Amino acid sequence: MKNHVKYLAAALALALIGNAAAKTSDADVTRATLDNGLRVVIVRDALAPVVTTEMNYLVGSDEVPDGFPGSAHALEHMMFRGSPGLSKDQLAAISANMGGSFNADTTQGVTQYYFVAPSQDLDVALHTEALRMRGLDIADAEWAKERGAIEQEVSRDLSSPDFKFYTQLLAQLFDGTPYAHTPLGTRESFNKTSAAMLRTFHDSWYTPNNAILVITGDVDPAATLAKVQAQFGDIPRKQLPARPTFDFRPVQAKTVKLPTDSPYGSVYIGYRMPGMQDKDYATALVLSEAMGSQRAALFGMGMDGSALYGGFSGEWMPRAGGAVAIGIFPRGGNPQPVLAKMRSILAEAATKGIDPALVEAAKRKAIAGLEFKKNSVEGLANAWSQALAFQGLDSPDAMKQALEAVTPEAVNALARATFDPAHAVTAILTPESSGKPVEGKGFGGAENFASSPDKPVTLPDWAAQAFAKLEVPQSTLKPVSYTLSNGIRLIVQPESISDTVELFGRIKTNQDLQAGKDEEGVADVLDGLFPFGTASMNRLQLQQALDAISAKESAGTSFSLSVPSAHFADGIALLADNELHPALPAQAFAVVQNQMAGMVAGQLQSPDFLTELGLAKALLPANDLQLRHPTPQSVTGLTLAKVKSYYAQTFRPDMTTIVIVGKVDPAQAKQLVEQAFGAWKAQGAKPDVDYVAVPPNKPGQFNVPDTSASQDSVQMAQTIDVTRNDPTRYALNLGDQVLGGGFYASRLYHDLRDTRGLVYNVGTKFDLDRYRSTYTVSFGSDPDKVAAASAIVVQDLKLMQQAPVSDSDLKRAKGILLRQIPLGESSFGAIGNQLLMLSIEDKPLDAMTIAGQHYLKLTAPEVQQAYAKHVRPDAFVTAVKGPAPKG
């Protein structure tokens, strides 16, 4: 399952967008309540032939028995271990065959289960979810296996100092209520939990009259409702147990001090806030957005040099919320001045109020953000689930009305009530040095493990029929491509699903190949200067202009714009001004240079950096250009002239791609881009920004100590001789779906998690570049499990080389990759980034369809041959970050 806790540093903008959706016409929304109490909402969204189903059970960690804080989370895991009429292996195969997302999320008051899949698989998703509502197969042996995996998840989260603070913040803000603990649970409680307890929890709460089913996507609403009735209509309703009460006590001020493995230190000041079902919730959202604005004083700390970064973020539960002011200080720096300034800013907000202009801008952005929810099939489902299950609203549009009613006076009143130092929880996370990497002598050698079963899983007839036929889906994309006179590649994908436009841009650069001698870090300093405005507008004026049109913009080598379609011309003009005429002021340069030097000094001692650098040194030849990295000396040695020279040299229109997705005519988009970017000219020949090929690496192992972690993070990496244009990549990608894709049905998932509980999750990745490539397997596990997990990875790769994959595995892998084609077109972000990537890599814009045709034709012996020839199971460099591995 995915991470179940939202970290406090998450941007509030995401929370705002996640809590609302644009007004949808009545013709697009179908509502019903079945006789058994199941509430159903179906919202048609024809962006792509994709559907999202979200089953929201109105139960979470609030309702768990005393002493068992992770019961809801544990049951969520067991929901993936099979039901009467659907075995665990069948469920895994079904979820993999659908090719999309099949996951869950446990929160305080709601547990969600969702599918994101091609519309053709809606019947399968509904049938599966209905079986899981009817009952589960929760045997002691199955719970024992899953408990090992869930305890790895606990170890992973408790290895994060930010999460440790989060747990203490909850305990302090919500003492005496169910919110005082996270939904994650503890190892101690899981060791006391029995399968019988989990069955009781399911039978008590997982009932149709305690659930809301949200379906969005390219579906026929009437036909879909009939399918829901057929699958769920005869499931009986039940009498629900009593729910817990909430008696919030006054928060007592407290200061927490913790070490962190981050390259920088953090200061948090947290407060209790209204919850999602509180009458002041919209006011809290606006207050948080205004406090976190780029025009506000907290963000300004990162712009005037008094901190590396400043901001404000909120998290909301149904009955209460929490918010934190955030300040970042350099490693070795004194947190007290940052803390003092944050307290001063918060005190001023409480006594003098919030700038009314910031309040109005926050309201406009939040309301405009509602329209952007239409740009994702999955996002639209999330918005409706949030409104109905979490907020207790009739529809997402009710949030718009609440936001419109917020006044500056209400925001100021909430600020006065909230920002009281007597009720603040403060945390200071101070960076702690990692030990130097230690070369390993291996992790226990070869062991004999049971391998993944190669026998096919027999699916129920209703599922087998759905997956019987494999074909390349027809893409819904019809991008229009232009090459402008100055060399810019412009790609426009018109979409009329919403009144918005999103732009994605990138300039091909490579600091390692283009920066001068001893100028490592010049690109990072340059990127840090773009937020300081343009030659004609300072940073506050630029942000004010963006706020006026409810736009979000970022400039640099990667640049973007999100704007209502009515303001697209103004938005692209502002983006181009920032991209082509950055202010690059001397005072800002001094601030950014000092901040960057401090960040780099901390980074060089952080476990994450030492791990990545150790891997790179083991994989690449000595003195390879990819080994270049900033140092405090290289950053402090930069001058503003050198930064401007790097900008002039590397920012070229003939190395730039712009992708525009949304409600815009291609010809109009071309005209506006030419007006905004047409004067930009390139000087000299195009630079080469691709690394050269490298020889195969030698095997090795090393450990990077991380005293803040309780779990090891493991990366097993090697160089491979298949590049991004090599036709062999299709066979490797297909085999990777068998080995590590499809999550629940992959061989590594089966052998590492399902049967042995050694890891929580495992990932595989081919990173194919123009001339050099790598293959990486990553997982997290307790130190005493690293040896066994690493050996299984090697063994499963050797099995891929020694025998062809089964027909069922091959068919499932093909189905996954083919079904992922429409899923890659189900949001503006997915469309824009896909087209941008294809252009940057000089591939045809229909490359996904071409790949599908290759996958359809591949045979099992061809996959076996590709792995035998190009993957070297005994040549991994294994990097372990955390406690020293055992075994």
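User: Which residue of S10 stands opposite Gly-311?

Analyst: This is a predicted model, in which local features need pLDDT of at least 70, side-chain atom pairs count only at pLDDT 80 or more, and totals for chains, interfaces and linings use all residues. Residues are numbered from 1 along each chain as its sequence is written, and side-chain values use heavy atoms, with hydrogens and water left out. Strand S9 (residues 309-316) pairs with S10 in the antiparallel sense through eight bridges; strands (E, at least two residues) and helices (H or I, at least four) are DSSP runs numbered from the N terminus, and a pair needs at least two DSSP bridges. The residue of S10 opposite Gly-311 is Ile-326.

User: How many residues lie between S9 and S10?

Analyst: The two strands are antiparallel partners. Together they form a hairpin, and the number of residues between them is four.

User: Which residue in S10 does Met-273 face?

Analyst: Strand S8 covers residues 264-273 and runs antiparallel to S10, with ten bridges joining the two. Opposite Met-273 stands Gly-321.

User: How many of the ten residues of strand S10 are buried?

Analyst: S10 has bridges to S8 and also to S9. Buried means under 20% relative accessible area, exposed over 50%, and partly exposed in between, with a 1.4 Å probe and protein chains only. Strand S10 (residues 321-330) is largely enclosed by the rest of the structure, because its count of buried residues is nine.

User: What does the secondary structure of the chain come to, and how does its radius of gyration stand against the globule rule?

Analyst: The chain has 33 helices and 23 strands. The radius of gyration is taken over C-alpha atoms, and the globule rule is 2.2 Å times the number of residues to the power 0.38. For 887 residues the rule gives 29 Å, so the chain, being close to that value, is as compact as a globular protein of that length, with a radius of gyration of 27 Å.

User: What share of the contacts in the chain between residues at least 6 apart join residues at least 24 apart?

Analyst: Buried residues make up 59% of the chain, whose C-alpha trace spans about 70 × 65 × 55 Å along its principal axes. Contact means heavy atoms within 4.5 Å. Of the contacts between residues at least 6 apart in sequence, the share that joins residues at least 24 apart is 84%.

User: Is Arg-724 buried or exposed?

Analyst: Arg-724 sits in the loop between strand S20 (712-720) and helix H27 (728-739). Beyond its neighbours within four places in sequence, its contacts include Asp-690, Asp-769, Glu-841 and Lys-843. With a relative accessible area of 8%, Arg-724 is buried.

User: What phi does Leu-584 have?

Analyst: Leu-584 belongs to the loop between helix H21 (568-580) and helix H22 (586-603). Its relative accessible area is 5%, so Leu-584 is buried. Leu-584 is not a glycine, yet its phi is positive, near 45°.

User: Is Asp-842 buried or exposed?

Analyst: Asp-842 lies in the loop between helix H31 (828-840) and helix H32 (847-857). Although it is not a glycine, Asp-842 has a positive phi of about 60°. Its relative accessibility is 59%, so Asp-842 counts as exposed.

User: What distance separates the C-alpha atoms of Phe-702 and Thr-611?

Analyst: Phe-702 is in strand S19 (residues 700-704), and at 9% relative accessible area it is buried. Phe-702 and Thr-611 are 91 residues apart along the chain, and their C-alpha atoms are separated by 8.7 Å.

User: Which residues does Ala-350 touch, not counting those up to four places away in sequence?

Analyst: Ala-350 lies in helix H12 (residues 335-352) and is buried, with a relative accessible area of 12%. The C-alpha atom of Ala-350 is 8.1 Å from that of Ala-413, 63 residues away along the chain. With residues up to four places away left out, Ala-350 touches Ala-415, Arg-416 and Phe-419.

User: What is the relative accessible area of Ser-781?

Analyst: Ser-781 is part of strand S22 (residues 773-781). Ser-781 is buried, and its relative accessible area is 0%.
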